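Please open the structure in your viewer and keep the selection tool at hand.

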Amino acid sequence: MSLADSASPVRGTPSLLEDALRQHFGWCAFRPGQRPVVEALLAGQDCLAVLPTGGGKSLCFQLPALVRQGLVLVISPLVALMQDQVMQLQRRGIAAACLHRGLGVSERRSLHGALRDGRLRLLYLAPERLQVEATRQLLEEVLDSGRLVALAVDEAHCISAWGHDFRPDYRRLGQLRALCPGVPLVALSATAAPRVRADIIRLLQLRRPLVQVRSARRTNLTYAMRRRPADPLPLVLEAVARARGAVLIYARTRRSVEQWASRLLVAGLEAIAYHAGLDAESRVLALEHFQQQPRPVLVATVAFGMGVDRPDVGLVLHLDLPPSAEGYLQESGRAGRDGLPAECLVLFDPADRTTLGWAIRGAAAGHGSGDAGAAQQRLELAQRQLRRMEAVAEGETCREQALLLAVGELVPPCGRCDRCLEEDRRRDWSGRATRVLACLQQRGGQDLRSLAADLADGASGQEQERWAWLARRLVQEELLSESDDGAQRLYLRTRGRHYLRQPWPLHWAA
Ligand code: ADP
Ligand code: ZN
């Protein structure tokens, strides 16, 4: 069914969805990409939603459950991730639960009760739960009751061997379609290259899905990648001091997490450690610390972060080269969810390649499906991803452009990252400066805006901004003067006339 010929009662009443959004979540507008997915699900259409980290994917499947007062079943890879979302929903007074192995008998009973009464709006499951007979029975009951509004597969890239986080458990999710033929299915991911997208659609058997892909571009993030000096501590301290809000520092191993946390403590920062080797209580404490302190510094392995929802992370710092661009975009994407400027810094060393190479081989061997061919394929993929990430770090081009290209998206240089700024620094502006000055000499004077528009010669607003910036820079260099009346009318000065006769190099950072 396409959206155009659907007769969903929700369509045509644009304020209804906004009302629900306000009522249940207290937000006044949808984020880009959310509304079409919600509408499609309500109209019974399958969807693939690729929205950047922090883009608000969960809402896409949560709202339909609330609008319909039915149930949405969510498949999610990690219990911690599910529990976190359940907690957030419960805080909003929305009935949600998570079905996992660790549930006690009474918890399970009350969950079943809530399901049967039709009170539950969201039920989260780990993928392997679907293989359990009792879960299947439950699913059938829910289907029979007619209350199942949609199925959601979160982190759907895990289904693809081309993704950065392949999980064999996800493969069996292909059964969902056959189990619930009439229920719309939504697959969600933050980064899915075209090949991964095609895999998701094929393996989940999505039917004529609405595909919503929003750029993974995050214009408030500034990427920088630097060679890790012999002693990175001063660099780390400097970056942390510069950062606003919370700071997330990623180290590769548990050991280095511990070491870095104590080094930072000694340096006077109240840093705490988080990794999967900590006991449950310490992990909960670390999480609380990170969520509640005004400026926490957390050192963690990549086990930390999924589902952690702190909007004002001002710095995500990687102490080693991340093994893939996909993974890195997800981790760095935890910065600046509030839309304010934030920094993403990677410290790397050519030797990282060797250690990561070992780790990758270990992981590929340890995946343990017993299929040697598949293991070899995964190993090669991981090695390719590592080489790509290395090329981003060592490369001369825009970081954002290179990172996004590695996940299949083509964007222009960002103008903010370390490489873009260097490029500008390296650039000699004298040629362009001469054009500005010559133009003003010829016209006798002109206001800044129309001058910039003329020089940009019909090009985009950004190009005009660059010319305007240059003209202002020339005023500061006393090559031009500006009228005092606020009209920003520019004139050539004597120094400017000199310059035109005998230009000199001008190296500035934009
Ligand atoms: P993702 O899973 O895409 O990384 P989340 O679903 O965790 O993102 O949402 C990221 C943040 O944005 C959360 O704090 C969420 O509550 C918030 N959010 C989602 N949708 C909206 C919206 N329409 N308006 C305001 N905040 C929103
Ligand atoms: Zn850039």
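The tour visits two ligands in turn, in a model that is predicted.

**First stop: ligand 1**

Select ligand 1 and display the residues around it. The surroundings consist of 14 residues, and the closest are Ala29, Gln34, Gly54, Lys57 and Ser58. Colour this shell by class: 4 residues are nonpolar, 6 are polar and 4 are charged.

Select Lys57, where a side-chain N or O atom is 2.7 Å from an oxygen atom of ligand 1. Then select Gln34, whose side chain places an N or O atom 2.9 Å from a nitrogen atom of the ligand. Arg31 also belongs in this view, with a polar side-chain atom 2.9 Å from an oxygen atom of ligand 1. Of the 570 Å² of accessible area that ligand 1 has on its own, the protein covers 80%.

**Second stop: the zinc ion**

Select ligand 2, the zinc ion, together with Cys398, Cys414, Cys417 and Cys420. Each of these residues is a donor through its SG atom, and the donors lie 2.3 Å from the ion. Along the sequence, the donor residues follow the spacing C-x15-C-x2-C-x2-C.

Why is the arrangement around the zinc ion (ligand 2) called tetrahedral? It is tetrahedral because the 4 donor atoms subtend angles of 104 to 118°.

Definitions and conventions
Residues are numbered from 1 along each chain as its sequence is written. Chains are lettered from A and ligands numbered from 1 in the order in which they are written. This is a predicted model: local features need pLDDT of at least 70, side-chain atom pairs count only at pLDDT 80 or more; totals for chains, interfaces and linings use all residues. Side-chain values use heavy atoms; hydrogens and water are left out. A residue is near a molecule or strand if one of its heavy atoms lies within 4 Å of it. A polar contact is a pair of N or O atoms within 3.5 Å; within protein, one must be able to donate a hydrogen and the other to accept it, and residues adjacent in sequence count only if both atoms are side-chain atoms. Accessible areas come from the Shrake-Rupley method with a 1.4 Å probe; for residues, only the protein chains shown count as cover. Ala, Val, Leu, Ile, Met, Phe, Trp, Tyr, Cys and Pro count as nonpolar, Asp, Glu, Lys and Arg as charged, and the others, Gly among them, as polar. Donors are N, O and S atoms within 2.8 Å of the metal (3.2 Å for Na, K and Ca); water is not among the atoms, so sites may look incomplete. Four donors count as tetrahedral if all angles lie between 85 and 135 degrees; four count as square planar and six as octahedral if opposite donors are over 155 degrees apart and all others between 65 and 115; anything else is irregular.
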